[in-house]
Amino acid sequence: MLKLSIQKKLVLSYAIVIILTAMVSAIGISSTIQNVQVADHAQEVLEVRHARTRSTYNTLFEMHKDILALRNKNADAASLKKIQEEMDSFNTASKAMHATRYPKEIGTVKEKTDIYINNYQQKFLPLISTGNAQDKEKAFKVIEAEMTPDFIDMAINLETVIEYQIKDVDIAVTDLKDM
(Lines give C-alpha, C1' and ligand atoms only; values in the text may rest on other atoms or scores of the structure.)
Protein backbone atom coordinates (compact mmCIF):
# COMPACT_ATOMS: atom_id res chain seq x y z
CA MET A 1 0.00 0.00 0.00
CA LEU A 2 1.15 3.45 -0.85
CA LYS A 3 2.09 5.61 2.09
CA LEU A 4 1.64 9.28 1.49
CA SER A 5 2.86 11.95 3.75
CA ILE A 6 0.43 14.47 5.13
CA GLN A 7 1.82 17.10 2.83
CA LYS A 8 1.22 14.90 -0.24
CA LYS A 9 -2.29 14.04 0.99
CA LEU A 10 -3.10 17.74 1.38
CA VAL A 11 -1.71 18.57 -2.06
CA LEU A 12 -3.67 15.69 -3.61
CA SER A 13 -6.94 16.66 -1.91
CA TYR A 14 -6.34 20.29 -2.91
CA ALA A 15 -5.80 19.18 -6.54
CA ILE A 16 -9.00 17.09 -6.45
CA VAL A 17 -10.97 20.09 -5.11
CA ILE A 18 -9.55 22.31 -7.86
CA ILE A 19 -10.40 19.75 -10.57
CA LEU A 20 -13.96 19.31 -9.25
CA THR A 21 -14.41 23.08 -9.01
CA ALA A 22 -13.21 23.44 -12.61
CA MET A 23 -15.67 20.73 -13.73
CA VAL A 24 -18.61 22.37 -11.93
CA SER A 25 -17.60 25.73 -13.41
CA ALA A 26 -17.43 24.23 -16.91
CA ILE A 27 -20.89 22.70 -16.47
CA GLY A 28 -22.20 26.05 -15.23
CA ILE A 29 -20.68 27.94 -18.17
CA SER A 30 -22.05 25.39 -20.63
CA SER A 31 -25.51 25.63 -19.07
CA THR A 32 -25.37 29.42 -19.17
CA ILE A 33 -24.40 29.41 -22.85
CA GLN A 34 -27.26 27.03 -23.58
CA ASN A 35 -29.67 29.24 -21.61
CA VAL A 36 -28.53 32.29 -23.55
CA GLN A 37 -29.18 30.47 -26.83
CA VAL A 38 -32.68 29.47 -25.69
CA ALA A 39 -33.38 33.01 -24.50
CA ASP A 40 -32.10 34.46 -27.80
CA HIS A 41 -34.42 32.13 -29.73
CA ALA A 42 -37.38 33.14 -27.55
CA GLN A 43 -36.50 36.80 -28.03
CA GLU A 44 -36.27 36.37 -31.81
CA VAL A 45 -39.64 34.62 -31.91
CA LEU A 46 -41.28 37.39 -29.90
CA GLU A 47 -39.53 40.43 -31.37
CA VAL A 48 -39.44 39.39 -35.01
CA ARG A 49 -41.84 36.61 -35.89
CA HIS A 50 -44.59 37.31 -33.39
CA ALA A 51 -44.39 41.07 -33.97
CA ARG A 52 -44.71 40.55 -37.73
CA THR A 53 -47.61 38.12 -37.35
CA ARG A 54 -49.40 40.29 -34.79
CA SER A 55 -48.95 43.39 -36.94
CA THR A 56 -50.37 41.54 -39.95
CA TYR A 57 -53.29 40.35 -37.82
CA ASN A 58 -54.01 43.87 -36.49
CA THR A 59 -53.80 45.39 -39.98
CA LEU A 60 -56.24 42.78 -41.30
CA PHE A 61 -58.82 43.69 -38.67
CA GLU A 62 -58.32 47.43 -39.11
CA MET A 63 -58.66 47.13 -42.89
CA HIS A 64 -61.82 45.00 -42.74
CA LYS A 65 -63.33 47.31 -40.10
CA ASP A 66 -62.72 50.33 -42.32
CA ILE A 67 -64.27 48.56 -45.31
CA LEU A 68 -67.34 47.68 -43.26
CA ALA A 69 -67.57 51.28 -42.01
CA LEU A 70 -68.31 52.35 -45.58
CA ARG A 71 -71.81 50.91 -45.11
CA ASN A 72 -72.69 53.84 -42.85
CA LYS A 73 -70.91 56.60 -44.73
CA ASN A 74 -70.02 57.64 -48.23
CA ALA A 75 -66.92 56.20 -49.84
CA ASP A 76 -64.95 59.43 -50.05
CA ALA A 77 -61.42 59.63 -51.41
CA ALA A 78 -59.85 59.84 -47.93
CA SER A 79 -61.59 56.66 -46.72
CA LEU A 80 -60.68 54.74 -49.86
CA LYS A 81 -57.09 55.97 -49.67
CA LYS A 82 -56.79 54.84 -46.05
CA ILE A 83 -58.19 51.41 -46.93
CA GLN A 84 -55.79 51.11 -49.87
CA GLU A 85 -52.83 52.00 -47.64
CA GLU A 86 -53.93 49.39 -45.10
CA MET A 87 -54.40 46.87 -47.89
CA ASP A 88 -50.93 47.57 -49.28
CA SER A 89 -49.45 47.25 -45.79
CA PHE A 90 -51.34 44.01 -45.17
CA ASN A 91 -50.32 42.58 -48.53
CA THR A 92 -46.66 43.42 -47.91
CA ALA A 93 -46.79 41.98 -44.40
CA SER A 94 -48.48 38.75 -45.47
CA LYS A 95 -45.98 38.27 -48.31
CA ALA A 96 -43.09 38.76 -45.85
CA MET A 97 -44.31 35.93 -43.63
CA HIS A 98 -42.27 32.72 -43.96
CA ALA A 99 -44.27 29.62 -44.79
CA THR A 100 -41.47 27.26 -43.79
CA ARG A 101 -42.46 27.09 -40.11
CA TYR A 102 -46.22 26.89 -40.51
CA PRO A 103 -46.79 26.05 -44.18
CA LYS A 104 -50.49 25.26 -43.96
CA GLU A 105 -51.48 28.34 -41.97
CA ILE A 106 -49.20 30.88 -43.68
CA GLY A 107 -49.95 29.35 -47.08
CA THR A 108 -53.66 29.83 -46.46
CA VAL A 109 -53.11 33.44 -45.37
CA LYS A 110 -51.08 34.19 -48.50
CA GLU A 111 -53.64 32.53 -50.76
CA LYS A 112 -56.62 34.24 -49.11
CA THR A 113 -54.82 37.60 -49.15
CA ASP A 114 -54.62 37.52 -52.92
CA ILE A 115 -58.30 36.51 -53.23
CA TYR A 116 -59.43 39.13 -50.69
CA ILE A 117 -57.51 41.96 -52.35
CA ASN A 118 -58.65 40.89 -55.80
CA ASN A 119 -62.31 40.84 -54.69
CA TYR A 120 -61.88 44.27 -53.13
CA GLN A 121 -60.25 45.81 -56.19
CA GLN A 122 -62.21 44.03 -58.93
CA LYS A 123 -65.68 43.70 -57.40
CA PHE A 124 -66.18 45.85 -54.31
CA LEU A 125 -64.32 49.05 -55.22
CA PRO A 126 -66.01 49.64 -58.60
CA LEU A 127 -69.44 49.25 -57.00
CA ILE A 128 -68.80 51.37 -53.91
CA SER A 129 -67.14 54.13 -55.93
CA THR A 130 -70.26 54.90 -57.99
CA GLY A 131 -72.11 56.46 -55.07
CA ASN A 132 -75.29 54.69 -56.20
CA ALA A 133 -77.37 53.15 -53.36
CA GLN A 134 -78.07 50.00 -55.35
CA ASP A 135 -74.40 49.56 -56.20
CA LYS A 136 -73.50 50.14 -52.57
CA GLU A 137 -75.89 47.33 -51.58
CA LYS A 138 -74.34 45.05 -54.21
CA ALA A 139 -70.87 45.96 -52.90
CA PHE A 140 -71.80 44.85 -49.41
CA LYS A 141 -73.20 41.61 -50.75
CA VAL A 142 -69.73 41.02 -52.23
CA ILE A 143 -68.28 41.60 -48.77
CA GLU A 144 -70.74 39.23 -47.11
CA ALA A 145 -70.55 36.47 -49.71
CA GLU A 146 -66.94 36.57 -50.87
CA MET A 147 -64.67 38.75 -48.76
CA THR A 148 -65.81 37.94 -45.22
CA PRO A 149 -65.18 34.17 -45.53
CA ASP A 150 -61.63 34.93 -46.69
CA PHE A 151 -61.22 37.45 -43.84
CA ILE A 152 -62.33 34.79 -41.34
CA ASP A 153 -59.96 32.19 -42.80
CA MET A 154 -57.04 34.64 -42.63
CA ALA A 155 -57.89 35.69 -39.07
CA ILE A 156 -58.20 32.09 -37.84
CA ASN A 157 -54.90 31.08 -39.43
CA LEU A 158 -53.06 34.14 -38.11
CA GLU A 159 -54.45 33.45 -34.62
CA THR A 160 -53.23 29.86 -34.92
CA VAL A 161 -49.73 31.01 -35.87
CA ILE A 162 -49.73 33.48 -32.97
CA GLU A 163 -50.72 30.65 -30.61
CA TYR A 164 -47.92 28.45 -31.98
CA GLN A 165 -45.39 31.24 -31.52
CA ILE A 166 -46.46 31.96 -27.95
CA LYS A 167 -46.44 28.23 -27.16
CA ASP A 168 -42.93 27.94 -28.61
CA VAL A 169 -41.68 30.76 -26.37
CA ASP A 170 -43.56 29.37 -23.37
CA ILE A 171 -41.92 25.96 -23.81
CA ALA A 172 -38.48 27.58 -24.13
CA VAL A 173 -39.01 29.66 -20.98
CA THR A 174 -40.33 26.64 -19.09
CA ASP A 175 -37.23 24.70 -20.12
CA LEU A 176 -35.06 27.53 -18.81
CA LYS A 177 -36.89 27.44 -15.46
CA ASP A 178 -36.51 23.66 -15.25
CA MET A 179 -32.75 23.84 -15.77
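## Around N119

In this predicted model, N119 makes contacts beyond its sequence neighbours within four places: F124, V142, E146, M147 and D150. N119 itself sits in helix 3, which covers residues 103–128. With a relative accessibility of 6%, it falls under the 20% cut-off, so N119 counts as buried.

One of those contacts, D150, has a charged partner too: its side chain meets that of K112 in a salt bridge, 3.5 Å from N to O. That pair ties together distant parts of the chain, with D150 in helix 4 and K112 in helix 3, 38 residues apart. Both ends are tucked away: D150 is buried at a relative accessible area of 6%, and K112 is buried as well, at 16%.

## P149 and its neighbours

Next up is P149, a residue of helix 4 (residues 133–178). P149 is partly exposed, with 34% relative accessibility. If you skip residues up to four places away in sequence, P149 touches I143 and E144. As for M97, it is 52 residues from P149 in sequence, and the two C-alpha atoms are 21 Å apart in space.

E144 also takes part in a salt bridge, pairing its side chain with that of R71 at 3.0 Å, N to O. Here again distant parts of the chain are linked: R71 belongs to the loop between helix 1 and helix 2, E144 to helix 4, and 73 residues separate them. R71 is partly exposed, its relative accessible area being 34%.

## Other salt bridges

Side chains of opposite charge can pair when their charged atoms come close. How many salt bridges does the structure hold? The count is 11. Among them is K81 with E85, where the closest N and O atoms are 3.8 Å apart. These two are 4 residues apart in helix 2, so about one helical turn separates them. K81 is exposed at 54% relative accessibility, whereas E85 is partly exposed at 46%.

There's a network as well: salt bridges link E62, K65, D66, K82 and E86.

## The cavity

The structure has 1 cavity of 30 Å³ or more, and the largest cavity holds about 70 Å³ of space. Its lining is made up of R49, R52, T53, M97, H98, R101, Y102, I106, V161 and Q165. Helix 1 (6–69) and helix 4 are the elements that give two or more residues to that lining.

Which element gives the most to the lining of the largest cavity? That would be helix 1, with 3 residues. By type, the lining splits into 4 nonpolar, 3 polar and 3 charged residues.

Technical notes: Residues numbered from 1 in each chain as written. Predicted model: local features only at pLDDT ≥ 70, side-chain atom pairs only at ≥ 80, totals over all residues. Heavy atoms only, no water. Buried < 20%, exposed > 50% of the residue type's maximum accessible area, 1.4 Å probe, protein only. Contact = heavy atoms within 4.5 Å. 1 Å grid on protein atoms, 1.4 Å probe; cavity = no way out; pocket = protein on both sides within 12 Å on 5 of 7 lines; lining within 4 Å. Points joined across faces, edges and corners; volume = space filled by probe spheres on them. Nonpolar A, V, L, I, M, F, W, Y, C, P; charged D, E, K, R; others polar. Salt bridge = Lys/Arg side-chain N within 4 Å of Asp/Glu carboxyl O.
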